[in-house]
Every structure is written in C-alpha cells, then in structure tokens.
Amino acid sequence: MAMVANKSTQSFIKPSDATAWIACIRRAWLDKHQPTTVFEPDAFNLLLSDLGLEHEAAMLTRLENQYPVSKAVSFDQTQTLMQQGVPVIYQGRLMDEQEGLVGYPDFLIRHESGQYQPADAKLSLSENKKAIQIQLGIYRRLLRNELPAIVFLGDGRTALLGDEVNPVVDEFITGMRALLDLPQQPKVRYSHSKCRICPYEAHCRPGFEAKEDISLLYGVHGKAAEHLGEAGISTISQLAMSTVESIPDVPYLKGYKRKQRAILQASSFLSGKVYQLNKAALPEGTWIHFDIEDNPLTPARERHVYLWGFLVPAYGRENFDYVWTNDETLDYEGWLAFLQKIEEYRTLFSIGACTLLESRKSHYQKICRTLCNGKSCHCIMAARR
Ligand code: SF4
C-alpha cells in the first residue's frame, strides 16, 4: 500500500462519498470540486449523527472489554500499529495513493492469520444497504486481503461483507473517477425528496428555476421529465400549454389522470392558482394529516412500511410526528407503534371521522379497516373536539 502522511486527500475517493454518490451524482461532484462550508444539518440528522456516535462508542467499549485497543492518529501510525500486530486499532487511517483511495474504518481488528479486518459500527439494521456495502468494500480494498469486513449493526447483529460487494464497489469507484475528471457539474434533475435535504439546494435550485425544469413539479418524476424533453416538452411553460392528448406516454407519466395533473401542476407553478382535482366533502373538526411511505424493493419483495407520518395541530414543522422502522423485519412493530399513536390521538383529539382524500391501489387495507373502513392509504383523519 503506497502511503503518504501529509498529502491533501480532498480529491481522493472516500467511502463516505458513497452516500452522496448514491443520492445524486452532482452532490458527489460538488463535494469534490466546490464543497459547501455553510451547511447546518437539521435536528433529525443531528440526532442520527449523535446516535451513530453513541453506537460507535458502545462498540468501542465492547472491544475494549475483550482486547487492548490502540487509537490511531495518522496514516503512518496506523501502519506502525498494524506492523506491531496490535489486536484492535481504533479510527485507523488507510490510503492508497496510486488508486486515489482513502478510508477511515472505525476499527481494524487483527485476524488470527495476522491480517486485519475492517469493521464499522452502523445504526442500520441491515448490511444490505448499498452505501454500507461500498464503504466496507473500500476498506477491504485498502487492506488488500481476502478477509470479509465486519459491520456492527444497530440491532446488535454482526454481519460480514466479502467479495459479493466487489461489483458495487467497482461501479462506485469507476463512477467517482469519471466525476472527478468532469470539469463541469453533471446535469441532473431536481428531486423533491433529495434536494430539500441537500446542502447544495441553494446552489442548484436557481438553475432549475431559470430553466423551468419540469422535475421541479412535485409528482413529475425526473425520468418522466427526461422523456418529455425528448418529446419536445422541456419547460414548465411548455407543459402548461400542452394538452393531455399531445403528451406521449412516457415512463412515470402515463394515462389521462396523471397527464392532466401534471399540466395543472405546471399551470399552478406559473400562476400560483390552486386547482382542485377531486371534490372532497371534508368533515368539520380538527384534522390530523396522515401519510405512510413504503419500500417495495425489499429483498423478499414484501412491502416494508418504513414511515408512518402524522401532522397534528398546529401543523407546523415541529408538529410532525412519526413512526419509523429500518427494515421489513420490523414492519409489524411499526404497525403496532402506529396503532399506539392512533390511540394517543384518539384521546388527545377525540377522532370522530376519517375522510379519504386520494384513492390509489390499496396495499394498506388493514390500515383503512382500522381507521375508516376505506380503501386508501392517504387519509385526513378529522378529529372532533
Ligand atoms: S440540490 Fe439536488 S441536484 Fe443539487 S446536488 Fe443536491 S441533490 Fe443534487
């Protein structure tokens, strides 16, 4: 392993780049070329960070109870500690100058063969997350041995990641190298879920707005925007002036209703006018807004409801309440926690009715049977005082 102790590692590929790269390649590019210095993480991300540090500290204590642990303070010292064969190195620093890789595994644990295994403490309940696989896979590459990497997961399990993660690591390294060589930030589409929590939102959004990028419309997928562009509808103004009949079927934007909604959203974006798609008879009373999010791409292909969200009076950001689970094995626990919340709200707000606002294919009839005997997963629960 070629080591240098004092060379700037800004342009090196780091395992921590994987999270940005997976979220948005422009974010990964900006991190390398124009890193922001003014971003304040929100309370939720601070909480996650604190919990992550707590988990790492707990793993450190566990290892300290079993082995002598030495803390590394530099690349060279990490090498020295490895040559000395210390049982556990905390916060080791690894670099491969030729490959342009650098990594800081939480732990390097000496195997009986005398080689070292990288280990990270992760709050996640699953080792099958792409970012985790890439991060641990890079550490393996930096160590250049065949031993699997160790993940200390948030549920107390210890998982091993071996050669099976190599393809995703290769894809990441190739993608990052291409980004490092790119003189201009890559073209991407706006994503409401990703951009709103991104440190570069203030940098990117004016560009999307200036171009009237269709992906700014909530509900129009970036891929649909791509295909609309190929069909000659590149701006929000052009979409607003389109008719349902003139819009071709494209991925994520098929059928009369979706196209009509996209046209009205475009028009609303430009004029500020609110269009009501469906008439809804809303009950009197105090409302609790309710939504759930799920992931159909679980390994078992069972839908995992990971978020049960509630917006309760007085409907500010601070009034958002939720139940969250990390993987499908906790789906049922999430469901029970959701029912508990409903009972709390029944007491607090005397829920009297449930009105369905939007109907979509019901994967959640159990919820609706509980709440309102309805068929939809998007509800407004009206609570009567
Ligand atoms: S604001 Fe959006 S487009 Fe810009 S870097 Fe972040 S995620 Fe990517």
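Leu-239 touches Ile-214, Leu-228, Ile-233, Ala-262, Ile-263 and Ala-266, leaving aside residues up to four places away in sequence. The model is a predicted one.

Leu-239 and Ile-214 have the most contacts inside the largest nonpolar core, a set of 62 residues. Helix 5, residues 130-143, gives the most to this core, with eight residues. Domain 1 (17-181) and domain 2 (211-271) both give residues to the core, so it lies between them.

## Packing of helix 2

Helix 2 covers residues 25-33. Its buried residues are Arg-26, Arg-27, Ala-28, Trp-29, Leu-30 and Asp-31. They pack against three helices: helix 1 (17-23), helix 6 (166-181) and helix 8 (201-210).

Which elements supply the shell?

## The loop between strands 10 and 11

Strand 10 spans 304-311 and strand 11 spans 320-324. The loop between them holds Ala-314 and Tyr-315. The peptide bond from Pro-313 to Ala-314 is cis, with omega near 10 degrees.

Tyr-315 has a positive phi of about 70 degrees, although it is not a glycine. Is Tyr-315 buried or exposed? Tyr-315 has 12 other C-beta atoms within 10 Å, so it counts as exposed; the cut-off for that class is 12 or fewer.

## Gln-91

A positive phi also occurs at Gln-91, a residue other than glycine, with a value near 55 degrees. Gln-91 sits in the loop between strand 2 (88-90) and strand 3 (94-96). Gln-91 counts as partly exposed because it has 16 C-beta neighbours inside 10 Å. That class lies between the exposed limit of 12 or fewer and the buried limit of 20 or more.

How values were computed: Residues numbered from 1 in each chain as written. Predicted model: local features only at pLDDT ≥ 70, side-chain atom pairs only at ≥ 80, totals over all residues. Core = buried A, V, L, I, M, F, W, Y, C linked by C-beta atoms within 7 Å. Helix = DSSP H or I, 4+ residues; strand = E, 2+ residues; numbered from the N terminus. Domains from an automatic or database assignment. Contact = placed C-beta atoms within 7 Å.
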